[in-house]
Amino acid sequence: MKRLFVSDDEVHGDRLLLGGSRLHYLRNVLRAKPGDRFMVVRENGEQQLATIRQVTAEVVSATLAAPQPLDTEPPIRITLFQAVIKHKPMSLLIQKCVELGVSAIVPLVTERTVVRLGPSRRAAKQQRWQQVATEAARQSERAHVPPVSEPVEFSQAASSWKAGPGLLFAEREVPAGRLTVAEALKDHRTCRQVAVFVGPEGGLTDSEIELALRHGLAPVTLGPRILRAETAAIVGCALVLYELGCMQ
Ligand code: SAH
């Protein structure tokens, strides 16, 4: 059954009124007609069955059934801090990490970020990444759409994360030695939030890694093979969710 995220201002009692791009999607893409049903996911994360009453050139109206809980969100919030990489692998990792259950994605500008990001491109990219996240959340039956923010500086993000354990995935040895994901989370079984940091195609610089460790991030290995950034993000998030019991 088709699913749509709807905002509270599109709902009036048990009536749903959709215009704009949703109207186009329902009317012209799905050829929706009265009697057709689809599932809507509300801002509070509940789902409601919608039955279409009317399709006009201006609006699709539908009747909403009683809300039901949608219990698909992991109990622990993972924020993925991901260095910006080329568009295709960036989109791929956003899609997969949203399917897996990350709660937010913060793109990072690092010393070795090769993608050029002027102010107008930042906003345009953010919108495209957000579309990917929204579509993945819809497809994987998430109750909430993970927000993708505009890119921020690595040093700022790494120095300000304080909400829970922060894991910095490092593909080469660091002086203090690296932990496995399990070791890094050993004393944090009951945490509410975890941050995962992954570098760009060219890796993080020694000074970036130093700065992050100074601010309390834990250096973590994913094994002796060098993974592409997108592989590291997807596998890293999956292992964190698995370790914290969010994949049962
Ligand atoms: N070009 C770099 C590799 C960068 S890999 C080099 O050859 O040195 C891109 C990012 O993926 C890294 O910054 C790191 O965050 C993550 N990564 C890749 N392989 C990893 C591994 N084996 N363990 C931990 N992190 C890894």
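The model is predicted: local features need pLDDT of at least 70 and side-chain atom pairs count only at pLDDT 80 or more, while totals for chains, interfaces and linings use all residues. Residues are numbered from 1 along each chain as its sequence is written, and side-chain values use heavy atoms, with hydrogens and water left out.

**The chain as a whole**

- The protein chain holds seven helices and twelve strands; these are DSSP runs numbered from the N terminus, with helices being H or I of at least four residues and strands E of at least two.
- Taken along the principal axes, the C-alpha atoms fill a box of roughly 65 × 40 × 30 Å.
- Of the 248 residues in the protein chain, 46% are buried (buried is under 20% relative accessible area, exposed over 50%, partly exposed in between, with a 1.4 Å probe and protein chains only).
- The accessible surface of the chain is about 12,600 Å², and carbon and sulfur atoms contribute 51% of that; such areas come from the Shrake-Rupley method with a 1.4 Å probe, and for residues only the protein chains shown count as cover.

**The ligand and its surroundings**

- The ligand sits in the largest pocket. A pocket, found on a 1 Å grid over the protein atoms alone, is an open set of points with protein on both sides within 12 Å along at least five of seven lines, and a molecule sits in one if more than half of its atoms lie within 2 Å of its grid points.
- Around the ligand are 20 residues, the closest being F169, R172, L222, G223 and R225; a residue is near a molecule if one of its heavy atoms lies within 4 Å of it.
- R172 places a polar side-chain atom 2.8 Å from an oxygen atom of the ligand, and a polar backbone atom of G199 is 3.0 Å from a ligand oxygen atom.
- From R225, a backbone N or O atom lies 2.8 Å from a nitrogen atom of the ligand. A polar contact is a pair of N or O atoms within 3.5 Å.
- Taken alone, the ligand exposes 560 Å², and the protein buries 88% of that.

- V106 is in strand β8 and counts as buried because its relative accessible area is 14%.
- Not counting residues up to four places away in sequence, V106 touches T79, L80, F81, Q82, S149 and V152. The C-alpha atoms of V106 and Q82 are 6.2 Å apart, although the two are 24 residues apart in sequence.
- T110 lies in the loop between β8 (104-109) and α3 (119-139), and its 7% relative accessibility makes it buried.
- Leaving aside neighbours within four places in sequence, T110 is in contact with A83, F154, P200, L204 and E208.

**Helix α7**

- I234 belongs to helix α7 (residues 229-243). Beyond its neighbours within four places in sequence, I234 is in contact with L92, L93, K96, C97 and L100.

**Two positive phi angles**

- Most residues other than glycine have a negative phi.
- R31 is not a glycine, yet has a positive phi of about 50 degrees. R31 is in the loop between α1 (20-29) and β4 (37-41) and is exposed, at 61% relative accessibility.
- E141, also not a glycine, has a positive phi of about 60 degrees. E141 lies in the loop between α3 and β9 (152-153) and is partly exposed, with a relative accessible area of 38%.

Technical notes: Contact means heavy atoms within 4.5 Å. A polar contact is a pair of N or O atoms within 3.5 Å; within protein, one must be able to donate a hydrogen and the other to accept it, and residues adjacent in sequence count only if both atoms are side-chain atoms. On a 1 Å grid over the protein atoms alone, a cavity is a set of points where a 1.4 Å probe fits but cannot get out, and a pocket is an open set with protein on both sides within 12 Å along at least five of seven lines; lining residues have an atom within 4 Å of a point.
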